[in-house]
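Hi,

Here is the model I promised to pass on.

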Amino acid sequence: MNLRLINIKQLGGVHPSNTTALRGKALDHFPFIENAYLTLLNGKIKDFGPMSQCPHDETPSKDLTGRCVLPAFVDSHSHLVYAGTREQEFNLRLKGASYEEIAAAGGGILNSAGRVAATTQEEMQRQSALRLNRLIANGTGTLEIKSGYGLDPENELKMLRTVQALNEVTNATLIPTFLAAHALPAWAKAKGMNDATYTRYMLEACIPTIKKEGLANFLDGFIERDYFKLDALTHLIEASAAHSLPLKIHVNQFYDIGGIQMAVRAGALSVDHLEVMRPEAIKALHGSDTIATLLPSCSYFLGIPYAPARQLIEEDALVALATDYNPGSSPGGNMQLVCNMACAKMKMTPAEALNAATINGAAALNMSDRKGSIAIGKDADILITKEIPSLEYLCYDFGTNHIQQTILAGQPV
Ligand code: NIG
Ligand code: FE
């Protein structure tokens, strides 16, 4: 497919092609070309520039007067694949129960695990595809998806196979992560396992199949005072190194138990959440290549603190934004809304938010060479907006969908 978009009001995210991730002052610049063209060929970006340099050839063109174009969002942290929903728990929380109290009473992650176990892969894929289609319509082009509601080898692998099957039938790019340690299930407690021994068991039981079937690119665990502590993280770090599965770690959501320092020392690709940060944790991310992935819609929905985005940016940390789409703490996956929350609640600038949701999201999946910016040779994953005054407007006028069309791998979706 060959297509030239012409008279683009603003073509944004035009970073130099060797850009991998942005930090500090560079994050606050979302470069764009005013009155631009963009050519897509065979699923890749062929060329782009100001209209004054637009080639005159046979390429079919589409006039985008009044509309903007930017790279599709890269949502580098989600739990899109699950079965059933948990709006009953939302009701309980509104009546005063805390997320942790609901979890301690067998709700939360364990509730979702029961539903996953009772649902076939085909049905789970059907439910997840409905969510995925809504995300694509809202501008997501690349989406990381974690397992973690299986809580036994059979069901964790079922979740990862669901991601794989869904990836085969969508133009979006789905990146699977094995969330080996999410909650300690009753069967493991009955066998006398603790958080660390369960983690080791799950890693040993699942990784051979994951490797054989290519079911995961990354490894994750929920490192928290009441879930999986630093001994469990040690097992994750060892498995990551032994099997070349880079770490993306849930950490510092409710308590700071030193997980960030340990993950950074181990060279984790990303540390995610970061709502509760002691000064040492922030310092550990100073100038680090480990990406700080912030999830403002989780803070919004649970009513917990927002991650200290400004401090992290000032410390020269690499900051990415993602949705954490899941049935418990963030039952929504709209990256436009996440960008708005990042600005309104964490005081990121619109330019910072757009970069964190595109190029830095790509970096948090080791995909900067293919995704997250407008550069020659990158995947033709782009968004055409409705008529809006500027790219920054995407972060400002919240709650409506400003995307008119998502084009993924050069194909209009
Ligand atoms: O990232 N924090 C751990 N896991 C998910 C929520 C899990 C759930 O409530 O189902 C999260 O917020
Ligand atoms: Fe999460």
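A term to start with: I call a residue buried when its relative accessible area is under 20%, exposed when that area is over 50%, and partly exposed in between, using a 1.4 Å probe and protein chains only. Helices (H or I, at least four residues) and strands (E, at least two) are DSSP runs, numbered from the N terminus. With that in hand, 6 of the 6 residues of E9 are buried, so this strand is largely enclosed by the rest of the structure.

Some housekeeping. This is a predicted model, in which local features need pLDDT of at least 70 and side-chain atom pairs count only at pLDDT 80 or more, while totals for chains, interfaces and linings use all residues. Residues are numbered from 1 along each chain as its sequence is written, chains are lettered from A and ligands numbered from 1 in the order in which they are written, and side-chain values use heavy atoms, with hydrogens and water left out.

**The sheet**

E9 belongs to an open sheet of 8 strands, in the order E6-E7-E8-E9-E10-E11-E12-E13, with parallel pairing. Two strands pair if DSSP finds at least two bridges between them. Strand E6 (73-75) and strand E13 (318-321) are the edges; each has a single partner strand, so one side of each has no neighbour in the sheet. On average, neighbouring strands here are turned by 25° against each other, direction ignored. Helix H13 (residues 335-346) packs on the sheet and touches E6, strand E7 (140-146), strand E12 (291-294) and E13, with its direction at about 80° to that of E6. Contact here means heavy atoms within 4.5 Å; axes are lines fitted to C-alpha atoms, for helices over the stretch in contact, and angles run from 0 to 180 degrees between N-to-C directions.

Back to E9 itself. Phe218, Asp220 and Phe222 point one way from the strand, Leu219, Gly221 and Ile223 point the other way, and all are buried. On one side, 4 bridges join E9 (residues 218-223) to the parallel strand E8 (residues 173-181). In this pairing Thr177 stands opposite Phe218, and Phe178 has Leu219 as its bridge partner. E9 is also joined to E10 by 2 bridges, again parallel, with Ile223 opposite Val251.

E9 also meets a helix. In helix H3 (residues 109-117) the buried residues are Ile109, Asn111, Ser112, Ala113 and Val116, and they pack against E9 as well as H1, helix H2 (99-104), helix H4 (121-137) and helix H5 (153-168).

**The iron site**

What coordinates the iron ion (ligand 2)? The donors are His77 (NE2), His79 (NE2), His250 (NE2) and Asp324 (OD), at 2.1 to 2.2 Å. Donors are N, O and S atoms within 2.8 Å of the metal (3.2 Å for Na, K and Ca); water is not among the atoms, so sites may look incomplete. His77 lies in the loop between E6 and helix H1 (87-94) and His250 in strand E10 (residues 248-251), so this pair ties together parts that are 173 residues apart in sequence. His77 is buried at 0% relative accessible area, and His250 is buried too, at 2%.

Thr293, found in strand E12, is buried at 0%; leaving aside neighbours within four places in sequence, its contacts include His77 and His273. Cys298, in helix H11 (residues 296-302), has a relative accessible area of 0% and touches, among others, His273 and Asp324.

His273 sits in strand E11 (residues 270-273) and has a positive phi of about 100° although it is not a glycine. Most residues other than glycine have a negative phi.

**The two domains**

The protein is divided into domain 1 (2-72 + 372-412) and domain 2 (74-363), with bounds from an automatic or database domain assignment. Their centres, taken over C-alpha atoms, are 29 Å apart. Between them, 34 residues of domain 1 are in contact with 37 residues of domain 2. The two bury about 2,700 Å², 59% of it on carbon and sulfur atoms; buried area is the accessible area (1.4 Å probe) that two parts lose on being put together, summed over both. Arg23, Leu27 and Cys395 supply 27% of the area that domain 1 buries against domain 2, more than any other three residues.

Best wishes
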